[in-house]
Structure formats: C-alpha cells, structure tokens
Amino acid sequence: MIYGVVGLTAGFIFLADFIIKVYLRANFAYQSIPVFKNIFHITVIFNTGAAFGILKDNTALLTYLGILFVALFIFFIKKEEKKSILFLIACGLILGGALSNLYDRIFLGFVVDYIDLRVWPVFNLSDSAISIGVLTLLIRSLKKPLKD
C-alpha cells in the first residue's frame, strides 16, 4: 500500500510529462511560443546532455547513469524506516521525473525540454518534479526529530 503512493505519484508525473512531450514534439519542435512575452515561453528543444547542457552528446553514459540512479533510488526507498506520506510523494516525484527523462534518452536519444523562463535553461515537468522531490527530502532531513 505505501509503495502505491510512490507508484501513483511517479506514474502521474511520467504520464503527464509524456503526453506534453509527445504533443509538443509533434506540433512545435524547435519553436518558441510566448505565453507571457519575455517571461514564460514554451520552447521545444531536444537536449542531448544533462542539466544545464553538461555532458552534451553523452546519451549512452547518461542513460546508464539514469538506470543506476533509478535502481539505487528504489533501494533507498525500501531501506527508509520512516515512510511518511510526504516522503513517499517526494520519492514518487523524483522517480517519475527520472523515469520520464530516462525514457526519452532510451527511445529518442535526447530529452525533450519545453519550459522556458528566459532567465534559466529550458527544462521540463520531470525536471521540476525531481527538483521539488529532492528539495522536499532535503527539508525533511534537516528537521529535528520529535522526541516521544
């Protein structure tokens, strides 16, 4: 049951990002559409690197690292003793985002990015989910444990 929360969250992120990426790739490849001019654009790019374009054109390496990360992360989830709902949702966000970007790397050879805030490199829903999940786990780990 507890892993159902992780699975549902991960599945939602994966499916939502997948649908967005398929639609944008098919209809707006290499285009930039202003939603709020000079603030927020939908800019469809195909990223062969990792965050901020590092390791550009190293798809095989990034794919293997992604597979290793997912395996280690699932191990981490199983080993965690205190599995609060917040922990499980955060893990689902990270896992769903990682799997979505890994899917792109395996089946497309690149990651489809599309959220363009004009002051940051273009990213996608999966990247956002990973960031929110990691931030949540980080804040959770910094909290002092309550004494019984």
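This is a predicted model: local features need pLDDT of at least 70, side-chain atom pairs count only at pLDDT 80 or more; totals for chains, interfaces and linings use all residues.
Helices, of at least four residues, and strands, of at least two, are taken here as DSSP runs and numbered from the N terminus.

The strands form an open sheet in the order E1-E2-E3 with antiparallel pairing, in which E1 and E3 are the edge strands, each paired on one side only; from one strand to the next the twist averages 25°. Strands E1 and E2 run antiparallel and are joined by 4 bridges, and Phe-36 stands opposite Phe-40 in E2. Helix H3 packs on this sheet, where it touches E2 and E3, and its direction makes about 130° with that of E3.

| Element | Residues |
|---|---|
| Strand E1 | 32–36 |
| Strand E2 | 40–47 |
| Strand E3 | 111–116 |
| Helix H3 | 85–108 |
| Helix H4 | 125–142 |

On the surface, a nonpolar patch with about 1,000 Å² of accessible area together includes Phe-52, Ile-54, Leu-117, Val-119 and Trp-120 among its residues. Of these, Trp-120 lies in the loop between E3 and helix H4.

For the protein chain as a whole, the C-alpha atoms fill a box of roughly 55 × 35 × 25 Å along the principal axes, and 37% of the 148 residues count as buried. The chain exposes about 9,400 Å², of which carbon and sulfur atoms supply 72%. Among contacts with a separation of 6 or more, 66% are accounted for by residues 24 or more positions apart.

Definitions and conventions
Residues are numbered from 1 along each chain as its sequence is written. Side-chain values use heavy atoms; hydrogens and water are left out. Two strands pair if DSSP finds at least two bridges between them. Axes are lines fitted to C-alpha atoms, for helices over the stretch in contact, and angles run from 0 to 180 degrees between N-to-C directions. Contact means heavy atoms within 4.5 Å. Patches are made of residues with over 30% relative accessible area and no salt bridge: like charges are joined within 9 Å, nonpolar side chains (Val, Leu, Ile, Met, Phe, Trp, Tyr) within 5 Å. Accessible areas come from the Shrake-Rupley method with a 1.4 Å probe; for residues, only the protein chains shown count as cover. A salt bridge is a side-chain nitrogen of Lys or Arg within 4 Å of a carboxyl oxygen of Asp or Glu. Buried means under 20% relative accessible area, exposed over 50%, partly exposed in between (1.4 Å probe, protein chains only).
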